[in-house]
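Colleague: I have a model open and would like to learn how to read it. Please take me through it step by step.

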Amino acid sequence: MNILGIYIDRPIVDFVILIIKCVVWIFALLTTFAYIQLVERWVIAKIQVRIGPNRTGPRGLFQPLADALKALFKEELIPTNADKLVFVIAPMISVATALLAFAVIPVSPPLNLFGLEIPMQIANVNVALLYLLAVGSVSVYGTVLAGWSSNNKYSLLGSLRAAAQLISYEVTLGLALVGVLMLTSTLNLNEIVDYQKNFGWIILPQVLGFILYIIAAIAETNRLPFDLPEAETELVAGYYTEYSSIKFAFFFMAEYINIITVCAIAATLFLGGYLSPLPFLPIVGEPGIWWFALKVFILIFVFMWIRGTFPRLRYDQLMNFTWKVMLPLALLNVLITAGIIIFFQPGAAQAFAR
Amino acid sequence: MPSDYFPLFIMLVVSVGFAAIGIGVSALLGPRRPTAIKGQTYESGMTAIGTARRRVWIRYYLVAVIFILFDIEIIFFYPWAVVFRMAAEFLFLEMALFVAILLVGYVYVWRKGGFDWY
């Protein structure tokens, strides 16, 4: 094909676009992380009647930049009796899996650029949802290995708690999404968004599933009120107590990118992804990345709000809650969805057309 | 299609590369003046006693076993949910049977106190 008058093979063009897309995605995620983290500090400050960051640049806008530079120039401390290789690999696993998870989420309809149709996601996989759960499971390794390799008692306790908590809430997280799959009959995120274009947002028949998903997602990202793994009043900083400089920043980064990802998954599965909430209006009704971003930011704001509102749970309450309350409710949600499909058959036409 | 996963492989390479470069740059830029005190693990300012390589509470192991039980249940749920519309009533009965068998184990663990932390 011709680009600016020069003939280039199609596979080469595709490959270059892919590389550019990967870099742009990572850059966009990091920028979003930096500013979400700043906004969170402002929001929490407002909730707690403090001022928040306001010294670095106008209203503290350069704070993330200052934090990043500071992290880069700090001394790296590795405890003498730590397992050095695992100690260095653990933050890499955390940050790489966090970046990888976002790759399958469609952020907008395909973009037309110079006559090329560019899909706005890194990979359009047919089992995207399963992939997301799988990557989420691998990211537990980052946490567990970090705590174990530090050879610090606080770190070990933090990572044991984290492992038990993450795998317990993963069960509910997975089960809360089954209702969505039953309605849409697919694991592909693009097809799930298409389903919502025809039959309305999935949150309407899946209110219970949505609430369960959000609670499990807060626990999966180690946020208050479920931040037992890094409870600073009892475990110093949990599994990353011994980490300093950029490695500490990587854990911080992974945590916030995971928040962005779980909110993006919630927006895609339950809130119509990049679709407009008012599709019948002329300009506002167009689907686009701005709707996707708006939904994700509203969900992230809810996460911050919850963090500013609730106290931390006790560990026995945390485990009881997921196994004795969330799991039966998630099974009930599957039962209700099965009933809805058998008796009302919503969106039956699409399922049989495939 | 296996070729669908090629972009993910590239993304894996790019993100691991990003992490490695980050750690490399930080190692170059930051100072490195290790001392014996700095090399100790943090224990609230006290001298660290013993190592953290010791036996851990059995309940964490128990949670892992229960997790395997229920995670496999979910793996069964996913393909079932995707084909659910093809024969809704029949598949519903089948899954009800499966969940009923599973619930026996769930109730057993509950009554045995497997979910309790004390």
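Colleague: What are the ground rules?

Modeller: This is a predicted model, where local features need pLDDT of at least 70, side-chain atom pairs count only at pLDDT 80 or more, and totals for chains, interfaces and linings use all residues. Residues are numbered from 1 along each chain as its sequence is written, while chains are lettered from A and ligands numbered from 1 in the order in which they are written.

Colleague: Which scores does the model have, and what does chain B average in pLDDT?

Modeller: The model scores ipTM 0.87 and pTM 0.89. pLDDT is the predictor's confidence in each residue, from 0 to 100. Where pLDDT is low, the predicted coordinates should not be read in detail. Chain B averages 83, and 98% of its residues score at least 70.

Colleague: How many helices and strands does chain A have?

Modeller: Helices (H or I, at least four residues) and strands (E, at least two) are DSSP runs, numbered from the N terminus. Chain A has 13 helices and four strands. Its radius of gyration is 22 Å, close to the 20 Å that the globule rule gives for 354 residues, so chain A is as compact as a globular protein of that length. That radius is taken over C-alpha atoms, and the globule rule is 2.2 Å times the number of residues to the power 0.38. The C-alpha trace of chain A spans about 60 × 60 × 40 Å along its principal axes.

Colleague: What about chain B: more spread out, or compact?

Modeller: Chain B has three helices and zero strands. The radius of gyration of chain B is 25 Å, well over the 13 Å from the globule rule for 118 residues, so chain B is more spread out than a compact globule. Its C-alpha trace spans about 70 × 50 × 15 Å along the principal axes.

Colleague: How much of each chain counts as buried?

Modeller: Count C-beta atoms, placed from the backbone: a residue is buried if 20 or more others lie within 10 Å of its own, exposed if 12 or fewer, and partly exposed in between. In chain A, 49% of the 354 residues count as buried. In chain B, buried residues make up 15% of 118.

Colleague: Which helices of chain A do the buried residues of α1(B) pack against?

Modeller: They pack against α1 (10-47), α2 (63-73), α3 (84-101) and α10 of chain A. Among the buried residues of α1(B) are Met11(B), Phe18(B) and Ile23(B). Now turn to α3(B). It is hardly covered, with one buried residue among its 24. Just after α3(B), Gly113(B) takes a positive phi of about 85°.

Colleague: Is Gly209(A) buried or exposed?

Modeller: Gly209(A) is buried, because 27 other C-beta atoms lie within 10 Å. Its place is in helix α8 (residues 207-220) of chain A. Gly209(A) touches Ala176(A), Gly179(A), Val180(A) and Asn333(A), not counting residues up to four places away in sequence. Gly209(A) and Leu177(A) are 32 residues apart in sequence, yet 6.7 Å apart in space, C-alpha to C-alpha.

Methods:
Contact = placed C-beta atoms within 7 Å.
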